[in-house]
Amino acid sequence: LLNDIPGVICPKPKGAFYCVAELPVDDTDDFAQWLLEEFSHENETVMLAPAGGFYSDPKLGKKQVRLAYVLKEEDLRRSAELLKIALTQYKK
């Protein structure tokens, strides 16, 4: 579902319960904050972890996020849908 979102690049994980996806934004720290403070669709949002903190050089993860997928499949599908909607509305 993530790779179906325009501009998103997400390699298929192999045995992990998370993935690292590149998003079409300049700064995932700003995007993650915007998701929590300003974005809502039908009273829902999605929370993700900017990937900069997972690298020794945070610039390497500036456009990446770490997403855990430990929820029910229907919740994961809704989260991907919310991310797609958010990316169309995000202006930074």
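In this predicted model, Gln64 touches Val20, Ala21, Glu22, Thr28, Pro50, Ala51 and Tyr55, with residues up to four places away in sequence not counted. Gln64 belongs to strand S3. Its relative accessible area is 16%, so Gln64 is buried. Across the strand pair, Glu22 stands opposite Gln64 in S3.

Strand S3 covers residues 64-68 and pairs with S1 in the antiparallel sense. Five bridges connect S1 and S3. Cys19 is placed opposite Leu67 of S3. S3 also pairs with S2, again antiparallel, over two bridges. Here Ala49 faces Arg66 of S3. The three strands form an open sheet in the order S1-S3-S2, with antiparallel pairing. In general, the strands of a sheet pair through backbone hydrogen bonds, in parallel or antiparallel fashion.

Cys19 and Ala21 lie on the covered face. Tyr18, Val20 and Glu22 lie on the uncovered face. In a regular strand, side chains alternate between the two faces of the sheet.

Two cysteines were examined for a bond. The sulfur of Cys10 lies 3.6 Å from its closest cysteine sulfur, which belongs to Cys19. A disulfide requires the sulfur atoms to be within 2.5 Å. The Cys10 sulfur is therefore too far from that of Cys19 for a bond. The search from Cys19 returns Cys10 as the closest partner, at 3.6 Å. Zero disulfides are present in the structure. A disulfide is a covalent bond between the sulfur atoms of two cysteines. Cys10 has a relative accessibility of 9% and counts as buried. Cys19 is buried too, with a relative accessible area of 9%.

The chain contains two helices and three strands. From the N terminus on, these elements run β-α-β-β-α. The largest nonpolar core has 23 residues. Leu2, Leu23, Phe31, Leu35, Leu48 and Leu83 have the most contacts inside this core. S1, helix H1 (28-37), S3 and helix H2 (73-89) each supply at least two core residues. H2 provides the largest share, five residues.

Leu48 shows how contacts reach across the chain. Leaving aside neighbours within four places in sequence, Leu48 is in contact with Leu23, Phe31, Ala32, Leu35, Val65, Arg66, Leu67 and Leu83. Among these partners, Leu23, Phe31, Leu35 and Leu83 are also listed with the most contacts inside the core.

Ile5 lies in the segment before S1. Its relative accessible area is 4%, so Ile5 is buried. Ile5 and Ala80 are 75 residues apart in sequence. In space, their C-alpha atoms are 8.4 Å apart. Beyond its neighbours within four places in sequence, Ile5 is in contact with Ala80, Leu83, Lys84 and Leu87.

Whole-chain values follow. For 92 residues, a compact globule would have a radius of gyration near 12 Å. The chain has 12 Å, which agrees. Along the principal axes, the C-alpha atoms fill a box of roughly 35 × 30 × 20 Å. Of the 92 residues in the chain, 34% are buried. Contacts between residues at least 6 apart in sequence were also classed by separation. Of these contacts, 58% join residues at least 24 apart. The chain exposes about 6200 Å². Carbon and sulfur atoms supply 52% of that area.

Notes
Residues are numbered from 1 along each chain as its sequence is written. This is a predicted model: local features need pLDDT of at least 70, side-chain atom pairs count only at pLDDT 80 or more; totals for chains, interfaces and linings use all residues. Side-chain values use heavy atoms; hydrogens and water are left out. Two strands pair if DSSP finds at least two bridges between them. Helices (H or I, at least four residues) and strands (E, at least two) are DSSP runs, numbered from the N terminus. Buried means under 20% relative accessible area, exposed over 50%, partly exposed in between (1.4 Å probe, protein chains only). Contact means heavy atoms within 4.5 Å. The radius of gyration is taken over C-alpha atoms; the globule rule is 2.2 Å times the number of residues to the power 0.38. Accessible areas come from the Shrake-Rupley method with a 1.4 Å probe; for residues, only the protein chains shown count as cover. A nonpolar core is a set of buried Ala, Val, Leu, Ile, Met, Phe, Trp, Tyr and Cys residues joined through side-chain atoms within 4.5 Å.
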